[in-house]
Amino acid sequence: MHGIADFWAFCAAIVVFLALPGPGTFALLGATSKGGFRAGAAATLGLILGDQILLWLAVAGVAAVLAAHPAWFDAIRWAGAGYLGWIGWKLLRARAGEAASPVEITPGRYLRQALLITVLNPKAIVFYMAFFPLFIDPARHQGLPTYAAMALTIALITALWCLTLCAFAERIAARVRAHARIGLALQRLAGLCMIGFGLRLLRS
């Protein structure tokens, strides 16, 4: 689909990454718990805008390497597999309490703060640089339309995931606080999935 290799695996990978608890997740939960669903929706928009800024910066780097040095592109794919495996390994080794890092959200600034929380994450560009090459088919790559299709897919899935999370934010936040083991188990499951995506690339 538009040069995306294994589109449904691409969608599944996005869902796995969204399920990981991080600053953006806690910004979303904090906004919803303080300002209701509308505040959570505003934070969702901020997260999506921040993600789009970072992923297009990453696309600029991936596109340049793909066009000028195909061998380097393959190296990035392999490095990406190693990077995802490393993230998965860290998640598997994490202990209770290490996954959460709640972010304080000021009422009335949900969108802007969610945007800044996302954009000011320096690891995100590196992550997208590792993530995109895993699902690009060099033989059917269409350039900008391929990247645009990937960006749009990420935005739509992010919106659906975050708005669903907003609808149940109070209940989910309470359960995570009361049952740290559940959050840790989900984190380790995500770690296994990341390692699996890395191995999938190495076997292809």
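Predicted model: local features only at pLDDT ≥ 70, side-chain atom pairs only at ≥ 80, totals over all residues.
User: How do you know whether Thr44 is buried or exposed?

Analyst: The relative accessibility of Thr44 is 3%. Buried means under 20%, so Thr44 counts as buried.

User: Which residues does Thr44 touch, leaving out those up to four places away in sequence?

Analyst: Thr44 touches Leu28, Ala159, Cys162, Leu163 and Cys166. They count as touching because their heavy atoms come within 4.5 Å of it.

User: What makes the pair of Phe7 and Trp8 edge-to-face?

Analyst: Two values matter here. The ring centres of Phe7 and Trp8 are 5.2 Å apart, and a pair needs centres within 6.5 Å. Their planes stand at 75°, and over 60 degrees counts as edge-to-face. That is why this pair has its label.

User: Are Phe7 and Trp8 buried or exposed?

Analyst: Phe7 has 15% relative accessibility, and the cut-off for buried is under 20%, so Phe7 counts as buried. Trp8 has a relative accessible area of 66%; exposed means over 50%, so Trp8 is exposed.

User: Why is the pair of Phe10 and Phe135 called edge-to-face?

Analyst: Phe10 and Phe135 lie 5.5 Å centre to centre, with 65° between the planes. The limits are centres within 6.5 Å and planes over 60 degrees apart, so this aromatic pair is edge-to-face as well.

User: What makes this pair a tie between parts of the chain?

Analyst: Phe10 lies in helix 1, while Phe135 lies in the loop between helix 5 and helix 6. The pair therefore ties together parts that are 125 residues apart in sequence.

User: How do you know whether Phe10 and Phe135 are buried or exposed?

Analyst: Phe10 has a relative accessible area of 0% and Phe135 has 1% relative accessibility. With buried set at under 20%, Phe10 is buried and Phe135 counts as buried too.

User: Which residues touch the most other members of the largest nonpolar core?

Analyst: Phe10, Tyr128, Phe131, Phe132 and Phe135 do, in a core of 34 residues. Helix 1 gives the most to this core, with nine residues.

User: Which residues does Phe132 touch, again leaving out those up to four places away in sequence?

Analyst: Phe132 touches Leu55, Val59, Met150 and Ile154.

Conventions:
Residues numbered from 1 in each chain as written. Heavy atoms only, no water. Buried < 20%, exposed > 50% of the residue type's maximum accessible area, 1.4 Å probe, protein only. Core = buried A, V, L, I, M, F, W, Y, C linked by side-chain atoms within 4.5 Å. Helix = DSSP H or I, 4+ residues; strand = E, 2+ residues; numbered from the N terminus. Phe/Tyr/Trp six-rings, centres within 6.5 Å; stacked < 30°, edge-to-face > 60°.
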